[in-house]
Structures are given as structure tokens and as C-alpha cells.
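Analyst: Please look at the model shown below. Questions on its side chains and pockets will follow.

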Amino acid sequence: MYPMAPLIRTALNTTARLAPGPAGRWAFRLFVRPLGRARLRPGEAALLAGARTDRLRVRGKEVVTYAWGDGRRPVLLVHGWSSRASRLGAFAEELLARGYSPVAFDAPGHGDSSGRASNIVEYREIIRELHARHGDFEAVVAHSFGVLASLFALRDGVRTSRFVGLGGVGSFDMVLEGFRAGLGLDERVMRAMRAYVERRLVPGEPGVWERFGADHAPDELGAPVLLFHDEGDDMVPLAQARFLAGVHGERARLVVTRGLGHRRILADPGVVAEAVEFATAGSATARTAGTREGVASTA
């Protein structure tokens with residue numbers, strides 16, 4: 001996944017023994033850089049053309065935001081890593097048809113936003129700003145890494161009535177381990193990177209590593225949760241969805257799909273319809289969410 005991985009591995013592992021500070025800084029810069037910038041697909045252009053686009057600045061980077069509808073009943077859409085807002089277009093269109101107002105953004109280094117990298121803290125800052133602009137969300141619909149980042153923000157002042165996660169990451173440790181294993185880095189490098197994050201990215205936030213994970217204070221979300229995950233997801237294992245469902249207990253329901261993988265799940269008509277039905281439902285949904293695990297065959 002990483003170009004020149006053997007060279008990077010040797011350089012970082014060697015540097016960490018001699019100069020852990022530079023090794024941690026270099027590792028972090030690799031860690032937060034998307035593996036490519038997702039291009040706009042032809043079928044997505046019309047939807048974005050109909051959005052009200054705006055800009056906000058996060059840590060010196062210009063972030064492009066999108067809003068549709070009349071502003072009432074806002075629903076936040078949060079894309080995953082190496083993705084973009086337009087990938088959640090099917091949800092935006094269905095929400096619009098029901099009279100809701102979708103809100104989305106391209107994270108730094110993604111889509112049409114500036115920069116070459118982003119991280120979970122920047123996602124949190126963007127979501128906070130959109131919450132301040134649009135008010136409490138009727139629902140948040142998030143994909144992949146966006147699930148983890150959204151839950152981080154929702155435990156830190158952002159409010160929503162319902163939460164939908166698709167192919168979601170629940171453990172930040174899984175993200176770290178994937179990065180470490182992908183490059184073959186030793187623990188010296190990872191310790192140095194953690195120290196760099198604590199010193200430069202989140203100074204003054206003790207215990208931040210625990211707070212990155214979805215299992216930290218899950219009751220602070222206080223909203224019913226609907227999760228979709230494909231049994232053949234090759235990017236995020238199904239165990240992550242089961243972990244998320246377990247964390248949120250009686251408020252959560254997990255639907256396991258077949259044949260959709262990590263990305264096609266975002267365009268499947270059945271998934272979109274059920275997710276939007278849940279996102280736009282009232283208190284009755286919250287009372288009946290439960291902890292069931294359903295299976296939807298979509299092959």
C-alpha cells in the first residue's frame with residue numbers, strides 16, 4: 001500500500017534508534033497522508049453542482065463544505081479515509097427527497113479541499129464548526145474512518161438525534177496497527193510518533209489516545225445507532241462493527257450485508273433506504289433499535 005515501503009521501513013526503524021524525535025515526526029506525516037485523492041465521478045457532479053458550497057479554515061487548510069435543502073433538519077454526512085463527500089451522494093439525494101438538509105465536507109487532503117493530509121483531530125474541528133453553523137443534527141451518517149472521527153466529535157460537544165455507521169472503524173488501535181504492519185515499523189517508531197502527536201497535535205488533552213476509540217464513554221452519544229457492515233469488507237473487518245455494536249449496547253443494531261464490500265455499500269439502494277428511514281425516524285426508532293444483528297443478502 002505504501003510506495004517504497006522497504007526503504008521507508010529501514011529508514012524509520014534506524015532513525016528511531018538514533019533520533020526518535022525526527023522519526024516520530026516523519027512517521028506521523030506518513031500516517032496522516034491519504035493514499036491518493038479520490039476523483040469526482042461523473043454521476044456525482046450534478047449533485048455537487050446543486051449544493052451551496054462554502055469554505056472554512058482548519059489549522060491553516062481550506063476545507064470545502066456542502067449544504068443542500070432549506071437548512072431545516074440538517075443531517076451530517078462524513079466520508080472515510082482517501083474518499084470525499086460526493087461518495088455519500090446517494091444518501092444526500094434521498095434525504096433531500098424527504099425534506100431534510102444534508103451537510104457534508106471534504107476533509108483536508110481529500111476531494112476539493114486543500115492540503116495533503118488530515119487526521120482525526122481535524123475531522124473533529126470541522127464537525128464542530130458545521131455543528132455551530134447548522135445546529136444540532138437530526139442524524140449523522142458516516143463511513144469507514146468517518147465513523148470513528150464522528151463519534152470522537154459527538155463525545156465532545158456535537159449533538160445528534162441518531163447515528164448511522166457504514167463499514168465503520170471502531171478502534172483507533174486498529175488504525176495504528178494497520179499503519180505499523182503495512183510498513184513493518186518497530187515499536188520505537190510508534191512510541192516516537194505517539195509522543196509527537198501528544199506534543200504537537202493535542203497538547204493539553206490528557207488521555208487522548210483512549211478518547212480516540214469508540215469505546216470511550218459511549219453513553220455520551222445518547223442516540224440510537226444503526227450499523228451496516230459487509231461480511232466481505234476487505235478494508236475494515238466485520239469484527240469492528242460487532243465491536244461498535246457491543247460498545248453501544250441496547251441502543252445499537254447491526255445489519256450485515258453480503259456482496260457489497262467496503263465501498264459499494266454506499267450506493268446500495270437497500271442500504272440507503274434503510275439508513276435514511278432510520279435517520280429520519282422519530283422516537284419510535286430510538287425505542288426499538290435493540291441489539292439485534294440482521295443479515296441482508298445483497299449479492
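User: How many aromatic pairs does the structure hold?
Analyst: This is a predicted model, in which local features need pLDDT of at least 70, side-chain atom pairs count only at pLDDT 80 or more, and totals for chains, interfaces and linings use all residues. Residues are numbered from 1 along each chain as its sequence is written, and side-chain values use heavy atoms, with hydrogens and water left out. Rings of Phe, Tyr and Trp (its six-membered ring) pair if their centres lie within 6.5 Å. By this rule, the number of aromatic pairs is eleven.

User: Is the pair of Phe31 and Phe179 stacked or edge-to-face?
Analyst: Planes under 30 degrees apart count as stacked, over 60 as edge-to-face and the rest as tilted. The ring centres of Phe31 and Phe179 are 5.1 Å apart and their planes stand at 65°, so the pair is edge-to-face.

User: Are Phe31 and Phe179 buried or exposed?
Analyst: Buried means under 20% relative accessible area, exposed over 50% and partly exposed in between (1.4 Å probe, protein chains only). Phe31 has 15% relative accessibility, and Phe179 has 2%. Therefore Phe31 and Phe179 both count as buried.

User: At what angle do the ring planes of Tyr123 and Phe145 stand?
Analyst: The pair links distant parts of the chain, with Tyr123 in helix H5 and Phe145 in helix H6 (residues 145–154), 22 residues apart. Tyr123 is buried at 0% relative accessible area, and Phe145 is buried at 8%. The ring centres are 5.3 Å apart, and the pair is edge-to-face because the planes stand at 85°.

User: Which ring has the charged end of Arg194 over it?
Analyst: A charge sits over a ring if NZ of Lys or CZ of Arg is within 6 Å of the ring centre and within 35 degrees of the ring normal. One such case is Arg73, which lies over the face of Tyr100 at 4.0 Å from the ring centre. At 4.5 Å from the ring centre, Arg194 sits over Trp209.

User: How many salt bridges are there?
Analyst: Side chains of opposite charge can pair when their charged atoms come close. A salt bridge is a side-chain nitrogen of Lys or Arg within 4 Å of a carboxyl oxygen of Asp or Glu. The count by this rule is 23.

User: Which residue forms a salt bridge with Asp112?
Analyst: The N to O distance in this salt bridge is 3.5 Å, and the partner of Asp112 is Arg84. Asp112 lies in the loop between strand S4 (101–106) and helix H5 (120–134), and Arg84 in the loop between strand S3 (74–78) and helix H4 (89–97), so the pair ties together parts that are 28 residues apart in sequence.

User: In which helix do Arg180 and Glu177 lie?
Analyst: Their side chains meet in a salt bridge at 2.8 Å, N to O. Arg180 is partly exposed at 22% relative accessible area, and Glu177 is partly exposed at 37%. The two are three residues apart, about one turn of the helix, and both lie in H7.

User: What is the volume of the largest pocket?
Analyst: On a 1 Å grid over the protein atoms alone, with a 1.4 Å probe, a pocket is an open set of points with protein on both sides within 12 Å along at least five of seven lines. Grid points are joined across faces, edges and corners, and a volume is the space filled by probe spheres set on the points. For the largest pocket, the volume is about 1,100 Å³.

User: Which helix gives the most to the lining of the largest pocket?
Analyst: Lining residues have an atom within 4 Å of a point. There are 45 of them here, and the closest to the centre are Trp81, Ser82, Ser144, Met235 and His262. With five residues, the helix that gives the most is H7.

Terms used: Helices (H or I, at least four residues) and strands (E, at least two) are DSSP runs, numbered from the N terminus.
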